[in-house]
Amino acid sequence: MTVLGNSAGDYEKWVCTLKAFQAKFTYSITKKYEVWRLLTAVFLHNSFLHLFWNMFSLSTFAYTVEKYVESPKNYLWILLLGSYEGNVLSAILRPYTVGVGASGTIFALLGVLLIWFWVNYHRFGDNRQIFLVFIIVIGVFSILNVFLSRSIDAWGHLGGFITGVPLGVLMLKPSEMHIETKLSPWRNLARLFLLILLVGTTVILFMKPLPD
C-alpha cells in the first residue's frame with residue numbers, strides 16, 4: 001500500500017483525485033461513515049509502476065495459495081479480510097494520509113504462504129534450508145523496504161500479514177494427515193486471534209478520536 005501525505009501543486013490535485021475515487025482516508029471513514037473505502041482503496045494505485053509491482057507480486061505466488069486453500073470461497077475471504085485489516089490498521093496509525101494499493105492483500109497471501117511452507121517443510125528435502133534462507137532474506141528485504149520508504153504504508157502491510165497467518169491455519173486444505181496434525185492444535189487459537197484482531201481494531205478505529 002502506498003500512502004500520500006499533504007503536498008502542493010499537481011501532486012496535491014492527484015491526492016484529491018484519489019480521495020474522490022474512494023481511497024483510504026480516516027476522516028471520511030470514521031466521520032462520514034464511508035466504510036467502503038476500506039476495500040475500494042485496494043483497486044486504486046498511485047502510478048502504473050505501483051500497479052505493475054502489485055500485479056507482478058500477485059502473479060508470483062497467488063496461484064500457489066489459491067491451489068492449496070480449501071475452496072475459492074476461502075480464497076476470497078483471505079483477499080477480503082487481508083485487504084480490510086490492512087486498511088483498518090493503516091487508518092488507525094496513519095490517519096492523515098491517503099492510502100491506495102493492494103499490498104495489504106498481497107501480504108495476507110504471504111502470511112498464508114508462510115503457513116503452507118511450514119506444514120510442507122519436510123517436502124523440500126535436502127534443499128529445505130536453502131528455501132528457508134531464501135524466504136528469510138526476502139522477508140528481511142521486504143521489511144526494510146517498507147520501513148525505510150516514507151511512501152510505503154508499513155502498517156497496511158503488517159495488518160494484511162498478521163491476518164493472513166491465522167487464515168492460513170484455518171483455510172489451508174488438509175490434504176494429508178501430517179498437515180491436519182500440524183494445523184489442528186492451532187485452529188482454535190487462530191480463530192480467537194482473528195476475532196480479537198478484526199473486532200478490536202475496528203472498534204479502535206471508530207472510537208479513537210483523530211489526533212490534532
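This is a predicted model: local features need pLDDT of at least 70, side-chain atom pairs count only at pLDDT 80 or more; totals for chains, interfaces and linings use all residues.
Visitor: How many helices and strands does the chain have?
Guide: The chain has ten helices and two strands. Both kinds of element are DSSP runs numbered from the N terminus: helices are H or I with at least four residues, and strands are E with at least two. Along the sequence the pattern is β-α-α-α-α-α-β-α-α-α-α-α.

Visitor: And how much of the chain is buried?
Guide: Buried residues account for 42% of the 212 residues. Buried means under 20% relative accessible area, exposed means over 50%, and partly exposed lies in between, with a 1.4 Å probe and protein chains only.

Visitor: What share of the contacts joins residues 24 or more positions apart?
Guide: Among contacts in the chain with a separation of 6 or more, 78% are between residues 24 or more positions apart. Contact means heavy atoms within 4.5 Å.

Visitor: Let us turn to helix packing. How do α4 and α6 pack?
Guide: Helix α4 (residues 48-68) and helix α6 (residues 103-119) pack at an angle of about 40 degrees, and their axes are 9 Å apart. Axes are lines fitted to C-alpha atoms, for helices over the stretch in contact, and angles run from 0 to 180 degrees between N-to-C directions.

Visitor: What is that orientation called?
Guide: The two helices, α4 and α6, are therefore oblique to each other. Angles under 35 degrees count as roughly parallel, over 145 as roughly antiparallel, 65 to 115 as roughly perpendicular, and the rest as oblique. The crossing of α4 past α6 is left-handed; this term applies if the near helix is turned anticlockwise from the far one by less than a right angle, and right-handed applies if clockwise.

Visitor: Which residues meet there?
Guide: On the α4 side they include N54, L58, F61 and V65, and on the α6 side they include I106, L109, L113 and W116. The residues of this contact of α4 with α6 divide into eleven nonpolar, four polar and no charged. Ala, Val, Leu, Ile, Met, Phe, Trp, Tyr, Cys and Pro count as nonpolar, Asp, Glu, Lys and Arg as charged, and the others, Gly among them, as polar.

Visitor: Is N54 buried or exposed?
Guide: N54 counts as buried because its relative accessibility is 5%. N54 touches H45, G101, A102, S103 and I106, not counting residues up to four places away in sequence. From C-alpha to C-alpha, N54 and I106 are 7.6 Å apart in space, while 52 residues apart in sequence.

Visitor: How do α6 and α8 cross?
Guide: Their axes come within 6 Å and cross at roughly 35 degrees, and α6 passes α8 in a right-handed crossing. The contact of α6 with α8 has ten nonpolar, eight polar and no charged residues.

Visitor: What about α5 and α10?
Guide: The axes of α5 and α10 come within 9 Å, crossing at roughly 35 degrees. The crossing of α5 past α10 is left-handed, and the contact of α5 with α10 has ten nonpolar, two polar and one charged residues.

Visitor: How many residues are in the largest nonpolar core?
Guide: The largest nonpolar core has 25 residues, and V69, I78, L109, L172 and L183 have the most contacts inside it. A nonpolar core is a set of buried Ala, Val, Leu, Ile, Met, Phe, Trp, Tyr and Cys residues joined through side-chain atoms within 4.5 Å. Helix α6 gives the most to this core, with seven residues.

Visitor: What does L183 touch?
Guide: L183 touches I115, W118, V119, V169 and L172, not counting residues up to four places away in sequence. A second, separate core of seven residues includes V15, L18, F25 and V98.

Visitor: Changing topic, what is the phi of Q22?
Guide: Phi of Q22 is near 75 degrees, a positive value in a residue other than glycine. Most residues other than glycine have a negative phi. Q22 is in the loop between α1 (9-20) and α2 (26-30), and Q22 counts as partly exposed because its relative accessibility is 22%.

Visitor: And Y33?
Guide: Y33 is not a glycine either, and has a positive phi of about 60 degrees. Y33 lies in the loop between α2 and α3 (37-40), and is exposed, with a relative accessible area of 57%.

Methods. Residues are numbered from 1 along each chain as its sequence is written. Side-chain values use heavy atoms; hydrogens and water are left out.
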